[in-house]
Amino acid sequence: MASNSYDKNVGEENIASNIAENTIDIVYKKRQESIQKIIEKLIHAVNCKNESCTTFATCNRLKQILSHLQICKNRKENKCSVCKQMIALCCFHAKQCKAEICQIPFCRQIKLKLAEKDQEKFVQEFEKFQLEDVEEFISM
Ligand SMILES: [Zn+2]
Ligand SMILES: [Zn+2]
Ligand SMILES: [Zn+2]
């Protein structure tokens, strides 16, 4: 039974692959939107001085991570998973950021790097980057 309906679909691979491509588009768009939301929260957290801020649930967590980024000794050696996640997020943002003055950590540095020859390394980092992990990790 199942094989019959399969046979009917032979020759429709083009349609199937078009659908697959659209699905990737949707996933990609959703990812972009989620990243955008996290980035908006990050911009708030960069400027937020209120220690008991309740604007959104993760504000204080984000502030902790932001100050961790400044002081982390393992960051440069790529040993710290907290920093790695955050920097991956910032890289993702920087790739599409057009602002001349941006408050996202490392945005300027990353943009400068992207203009150099480090691109390939960054692309590799993006591929490893799991947005779900970041979302989970900032909501901890
Ligand atoms: Zn806040
Ligand atoms: Zn760190
Ligand atoms: Zn930026």
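Predicted model: local features only at pLDDT ≥ 70, side-chain atom pairs only at ≥ 80, totals over all residues.
**Reading helix α3**

Me: Okay, so which residues of α3 are buried?

Reply: C59, L62 and I65 are buried. They share one side of α3, because they cover an arc of only 120° around the axis.

Me: Why do residues three or four places apart point the same way?

Reply: An α-helix has 3.6 residues a turn, so residues with that spacing face the same way.

Me: How many residues does α3 have, and how far does it reach?

Reply: α3 runs over residues 59–71, which is 13 residues. From first C-alpha to last, it reaches 19 Å, close to the 18 Å expected at 1.5 Å a residue.

Me: And what about the largest nonpolar core? Which residues have the most contacts inside it?

Reply: That core has 14 residues, and L62, M86, C90 and C91 have the most contacts inside it. Two or more residues come from each of α2 (13–47), α3 and α4 (81–96). The largest share, seven residues, is given by α4.

Me: At what angle do α3 and α4 pack?

Reply: About 105°, with 10 Å between their axes. Angles of 65 to 115 degrees count as roughly perpendicular, so α3 is roughly perpendicular to α4.

Me: Which residues make that contact?

Reply: On the α3 side, look for I65, H68 and L69; on the α4 side, V82, C83 and M86. You've met two of these already: I65 is buried, and M86 is one of the residues with the most contacts inside the core.

Methods: Residues numbered from 1 in each chain as written. Chains lettered and ligands numbered in written order. Helix = DSSP H or I, 4+ residues; strand = E, 2+ residues; numbered from the N terminus. Expected span 1.5 Å × (residues − 1). Buried ≥ 20, exposed ≤ 12 C-beta atoms within 10 Å, placed from the backbone. Arc of directions from axis to C-beta. Core = buried A, V, L, I, M, F, W, Y, C linked by C-beta atoms within 7 Å. Axes fitted to C-alpha atoms, helices over the stretch in contact; angles between N-to-C directions. Parallel < 35°, antiparallel > 145°, perpendicular 65-115°, else oblique. Contact = placed C-beta atoms within 7 Å.
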